[in-house]
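Here is a short report for a first look. Keep the structure in view while reading.

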Amino acid sequence: MQPVQPTSRRPLYRALRWGRIAVSVASLSVLTGGLSFCGMSIPAVAAVLARVQLLPAVATFAVAIFIGWLAVTLVFGRIYCSTVCPLGTLQDIASRGGRCQGPSRVYRYNRPMQGLRYGVLVAVLTSLMAGFMIVPSIVDPYTMWERFCLACIRPLAGLPPLPEAQIAPASDRFLPPLTIAMSSAAGAMVAIASLGLVAVVAARRGRTFCNTICPVGTTLGIVSRYAIFQMDIDTDLCTNCRRCVDVCKCSCIDLTDHVVDTSRCVVCFDCTDACRDGAISYVATRKQLSIPMMERTDSPALTSNQ
């Protein structure tokens with residue numbers, strides 16, 4: 001007897017996907033405007049836009065924000081990476097541009113590079129504890145975007161360089177050596193090179209930086225393994241059409257075992273919108289097979305015949 005397919009949630013997931021996109025674009029716009037045009041010199045704006053970012057919150061001992069994001073991740077997964085992180089939005093834009101090159105531009109499942117992920121995280125944490133900020137400055141998403149705004153966008157807008165005193169308190173404590181010369185030519189070259197590399201990789205391989213190099217993504221990935229709400233594949237409904245895999249920028253959907261690597265999933269809802277069979281869902285409960293697969297048994301009746 002064929003299982004009864006549940007009512008399609010695709011319209012709901014499509015609304016959540018577009019809502020997530022709207023939030024990410026709004027967050028990037030506000031952050032870029034605040035950094036580029038007012039230099040985050042307004043204390044209230046600086047507190048909201050700078051310290052809401054995870055690594056600056058850690059560096060400035062904003063414990064409540066850090067614990068808050070961990071709690072949100074423990075419930076909903078890595079929504080931080082798909083809504084608030086500026087480099088997350090940049091990678092989404094770049095990956096969308098890469099897919100516009102043709103229908104053959106699809107993603108495939110890739111095994112996580114755990115050694116590199118945790119190696120970078122250990123290096124960043126060690127540097128933070130030692131007070132050596134150059135390593136976090138190279139890989140922290142917020143700092144990379146701050147450098148780009150101050151060194152590239154602000155000069156292009158014809159605005160004068162910001163004095164050190166006008167840079168956000170959260171930022172100048174986080175990166176004093178680099179924020180002093182943010183508007184210099186060297187700062188602009190570093191900003192363009194780093195973001196350009198992230199964008200090029202994203203156009204070809206999706207969120208590789210997010211799930212391999214970024215210390216914020218790795219930290220939240222550890223927590224999101226135990227998130228209450230996760231992407232789940234119903235094997236009774238899945239037809240192995242691979243539409244979900246084709247659109248997964250995180251390359252974390254393994255249809256061989258029908259599992260989603262929740263440590264890399266950023267809850268973008270692209271897969272749920274692409275699935276036409278209602279087989280992949282964002283739920284708090286895991287679907288069990290209606291017809292159990294064959295398992296090894298120690299039944300005396302069987303072992304006696306061997």
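## Helix 9

Helix 9 covers residues 141-156, 16 residues in total. Its first and last C-alpha atoms lie 22 Å apart, close to the 22 Å expected at 1.5 Å a residue. The expected span is 1.5 Å times one less than the number of residues. Helices here are DSSP runs of H or I with at least four residues, numbered from the N terminus.

This is a predicted model, where local features need pLDDT of at least 70, side-chain atom pairs count only at pLDDT 80 or more, and totals for chains, interfaces and linings use all residues. Residues are numbered from 1 along each chain as its sequence is written, and side-chain values use heavy atoms, leaving out hydrogens and water.

## Kink and burial

Helix 9 has a kink of about 35°, centred on C149. The bend is the angle between axes fitted to the seven residues ending at a residue and the seven starting there. C149 is also buried, as are P141, W145 and R154, among others in helix 9. Buried means under 20% relative accessible area, exposed over 50%, and partly exposed in between (1.4 Å probe, protein chains only).

Helix 9 is largely enclosed by the rest of the structure, because 12 of its 16 residues are buried. After helix 9 comes G158, with a positive phi near 80°.

## Helix 8

I138 sits in helix 8, residues 134-139. I138 counts as exposed because its relative accessibility is 53%.

## Helix 1

Helix 1 (residues 10-37) has 28 residues, which should span 40 Å, and its end C-alpha atoms are 40 Å apart. Its buried residues include Y13, R17, R20 and S24.

Note on methods
Helix = DSSP H or I, 4+ residues; strand = E, 2+ residues; numbered from the N terminus.
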